[in-house]
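User: Hi! I have a protein model open and I'm new to this. Could you walk me through it?

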Amino acid sequence: MIMKTLGIINSTAPYGLSNGQESLDLALASANFGQEVTLFFVDDGVFQLLKSQQPSPEQGRHYSKTFPALTFYDIDDIYVCQQSLSERKLEVSDLCIEVTALPPEELNQQLAQLDQLMRF
């Protein structure tokens, strides 16, 4: 049986919405069942990867601590939009995990190679 590839696009800021947690849960569950998962962080979604997050209890669970575990689930393809980082005055070194920063055109090429896409 051939598994389809899954791309998960994170475009919302962490906390306030459950999108980030749901996206991460989907990625881990899909990878756990052997599906090839690629993560993308665009627009305000890049804030999910910031090292210096300290959410208050009202903002929900501090799920960004889970990102370093992605490699244990063989989720190694993690792309960040370089333009989104630049617009928010962020650098790759501000992020809590190793990522590949790409310009929008190359990010779109990566997205086009996947069978299924989900956006959070």
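User: What pattern does the protein follow, read along the sequence?
Analyst: Read along the sequence, the pattern is β-α-β-β-α-β-α-β. That comes to three helices and five strands. Keep in mind that this is a predicted model.

User: How compact is the protein for a chain of 120 residues?
Analyst: The radius of gyration is 14 Å, close to the 14 Å that the globule rule gives for 120 residues, so the protein is as compact as a globular protein of that length. If you draw a box along the principal axes, the C-alpha atoms fill roughly 45 × 30 × 20 Å.

User: Nice. What share of the residues is buried?
Analyst: Buried residues make up 45% of the 120.

User: Let's go inside. Which residues have the most contacts inside the largest nonpolar core?
Analyst: Those are Leu39, Leu70 and Ile75, in a core of 25 residues. The elements that give two or more residues to this core are β1 (6–10), α1 (19–32), β2 and β3. The largest share, four residues, comes from α1.

User: Why would nonpolar side chains end up together like that?
Analyst: In soluble globular proteins, nonpolar side chains tend to be buried together.

User: OK, what does Leu39 touch?
Analyst: Not counting residues up to four places away in sequence, Leu39 touches Ile8, Asn10, Ala27, Leu70, Ile75, Asp77, Ile78 and Tyr79. There is also a second, separate core of nine residues, which includes Phe40, Val42, Tyr79 and Leu114.

User: Where is Thr38, and is it buried or exposed?
Analyst: Thr38 lies in strand β2. Its relative accessibility is 5%, so Thr38 counts as buried, the cut-off being under 20%. Leaving aside neighbours within four places in sequence, Thr38 is in contact with Leu6, Gly7, Ile8, Asp77, Tyr79 and Leu114.

User: Switching to loops. Where is Leu49 found?
Analyst: Leu49 is found in the loop between β2 and β3.

User: So is Leu49 buried or exposed there?
Analyst: Leu49 is buried, with a relative accessible area of 0%. Setting aside residues up to four places away in sequence, Leu49 touches Phe41, Phe67, Val80, Asp94, Leu95, Cys96, Ile97 and Val99.

User: How far is Leu49 from Glu36?
Analyst: They are 13 residues apart along the chain, and their C-alpha atoms are separated by 21 Å. Now take another pair: Asp74 and Gly34 are 40 residues apart in sequence, and their C-alpha atoms are 9.1 Å apart in space.

User: Where does Asp74 lie, and is it buried or exposed?
Analyst: Asp74 lies in the loop between β2 (37–41) and β3 (77–81). With 63% relative accessibility, Asp74 counts as exposed, because the cut-off for that is over 50%.

User: What about Ala69?
Analyst: Ala69 is found in the loop between β2 and β3. Ala69 is partly exposed, with a relative accessible area of 22%. From Ala69 to Glu87, which is 18 residues along the chain, the C-alpha atoms are separated by 28 Å.

User: Backbone question: what is phi for Asp43?
Analyst: Asp43 has a positive phi of about 50 degrees, although it is not a glycine. The place of Asp43 is in the loop between β2 and β3, and Asp43 is partly exposed at 34% relative accessible area. Lys89 is also worth a look: its phi is near 55 degrees, a positive value in a residue other than glycine.

User: Where does Lys89 lie?
Analyst: Lys89 lies in the loop between α2 (82–87) and β4 (100–102). At 75% relative accessibility, Lys89 counts as exposed.

User: Last one: how many positive and negative charges does the protein have?
Analyst: There are 7 positive and 16 negative charges, and their mean positions are 6 Å apart.

Key: Residues numbered from 1 in each chain as written. Predicted model: local features only at pLDDT ≥ 70, side-chain atom pairs only at ≥ 80, totals over all residues. Heavy atoms only, no water. Buried < 20%, exposed > 50% of the residue type's maximum accessible area, 1.4 Å probe, protein only. Rg over C-alpha atoms; globule rule 2.2 N^0.38 Å. Lys, Arg positive; Asp, Glu negative; His and termini not counted. Charge placed at Lys NZ, Arg CZ, Asp CG, Glu CD. Core = buried A, V, L, I, M, F, W, Y, C linked by side-chain atoms within 4.5 Å. Contact = heavy atoms within 4.5 Å.
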